[in-house]
Amino acid sequence: MKEKKLVFMEHDGAIDDLLSQLLLLTMKEVEVIGINVTPADCFIEPAIESTFKLLQLFGNENIPIGRSDKNGINAFPNEWRARPEVINALPSLINCTYNLDPYSLPEAVDLLIDQLTLADRPVTILLTGPCSNLVEAIRKAPHIRGKIEQVVWMGGAFRTQGNVQTYQHNGTAEWNVYWDPQSSKELFVMELPLVCIPLDVTNNVPVNKEFLSTLAFQSDYFLSNLAGQLWALTIDTIPSYHYVYFMWDVLATSFISLPNEFALEEVKAVVSDRPPNAGQTQLIERGHPLKIAVDVNRKVFYEYVLNQLKTEISLQSTATALKV
Ligand code: AGV
Ligand code: CA
């Protein structure tokens with residue numbers, strides 16, 4: 001049998017990140033070797049609770065979770081960070097047993113270093129939040145570079161407008177890059193095998209009612225039902241910022257399984273770390289080489305997600321998790 005692809009996930013607890021974790025766990029060809037949670041687009045305690053509950057549904061409580069205590073240079077709006085709190089109260093998750101002390105978990109950078117060091121083959125790192133833990137891990141333990149097969153990052157806005165709208169900013173940056181522009185700048189300088197899934201391509205995949213309606217018709221499947229509940233929470237996305245919620249992280253996650261459905265381009269780029277464009281990913285000739293996704297087969301992507309959400313989770317683990 002073909003060996004599974006090893007994946008370490010770094011997320012930041014937003015609804016989209018949790019949906020991405022769920023999608024990743026449905027991938028039969030993938031072995032998840034750890035999940036770090038950063039309090040960027042979330043508050044840490046509820047996000048760790050959701051992360052653990054999703055693992056539990058799949059009977060994967062043995063996958064280690066790392067807790068990051070980092071503060072971004074540019075914090076996410078608190079209204080966004082507070083959104084995920086409601087997730088743990090959804091009917092599909094509220095009765096999962098949860099008695100984990102989040103402060104007993106390993107620190108994120110240490111967990112990443114340990115898991116990469118232990119891995120017996122190269123690992124794909126999936127970043128659906130900021131890149132700060134990865135950059136610090138490589139700085140602290142340069143030997144882990146050799147264990148990195150590829151870094152897939154939902155981040156950047158190369159030939160399109162950014163999604164940061166705030167003071168002292170001209171709107172050119174994407175949030176995951178902007179949260180910690182200095183680490184982002186350093187990530188590009190490191191010249192890892194990096195693929196960015198930027199706004200240029202995620203703009204093609206909004207969460208729309210048609211998709212949610214199709215998903216609802218298959219809600220006899222536990223995971224489809226749960227995903228439908230999660231996405232419904234994104235429809236009234238916070239006033240005064242963006243009204244449309246995209247499948248940003250979910251698209252980046254699908255790249256792990258569907259690389260051939262994406263058009264990639266090799267570019268050279270740098271990240272700005274000062275106003276008025278901190279966090280902007282700029283294409284310039286003297287920049288660092290990386291790949292960016294510029295297009296995706298949307299139809300295949302939506303169908304793939306719908307199909308993965310028909311994955312049956314074992315009744316036994318659900319029963320234990322839900323105490324039924
Ligand atoms: O910029 C996209 C990133 C993704 O990793 N996040 C959300 C996804 O998890 C930040 C973000 C941009 N707009 C948002 C965001 C919004 N309206 N609500 C919450 N987060
Ligand atoms: Ca995210």
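Predicted model: local features only at pLDDT ≥ 70, side-chain atom pairs only at ≥ 80, totals over all residues.

Which of the 16 residues around ligand 1 come nearest? I get Asp 41, Asn 163, Glu 174, Asn 176 and Asp 249.

**Polar contacts.** I looked up the side chains facing the ligand's N and O atoms. Asp 249 has a polar side-chain atom 2.6 Å from an oxygen atom of ligand 1. For Asn 176, I find a polar side-chain atom 3.0 Å from a ligand oxygen atom.

**Cover.** On its own, ligand 1 has 420 Å² of accessible area, and the protein covers 97% of that. I also checked which elements give two or more residues to the shell: helix H1 (15-26), helix H6 (175-178) and H11. By type, I have the shell down as 7 nonpolar, 4 polar and 5 charged residues.

**H11.** Next I checked this helix, residues 248-257, for burial, and 9 of its 10 residues are buried. Asp 249, which I had already noted for its polar atom 2.6 Å from a ligand oxygen, is one of the buried ones. Trp 248, Leu 251 and Phe 255 are also among them.

**Lys 147.** I found this one in the loop between helix H5 (132-140) and strand E5 (148-153). Is Lys 147 buried, exposed or partly exposed? Its relative accessible area is 22%, so I log it as partly exposed, given that buried means under 20%. Beyond four places in sequence, Lys 147 contacts Leu 116, Thr 117, Leu 118, Ala 119, Pro 122 and Val 123.

How values were computed. Residues numbered from 1 in each chain as written. Chains lettered and ligands numbered in written order. Heavy atoms only, no water. Buried < 20%, exposed > 50% of the residue type's maximum accessible area, 1.4 Å probe, protein only. Helix = DSSP H or I, 4+ residues; strand = E, 2+ residues; numbered from the N terminus. Near = heavy atom within 4 Å. Polar contact = N/O pair within 3.5 Å; in protein donor to acceptor, adjacent residues only side chain to side chain. Areas by Shrake-Rupley, 256 points an atom, 1.4 Å probe, with all protein chains shown as cover. Nonpolar A, V, L, I, M, F, W, Y, C, P; charged D, E, K, R; others polar. Contact = heavy atoms within 4.5 Å.
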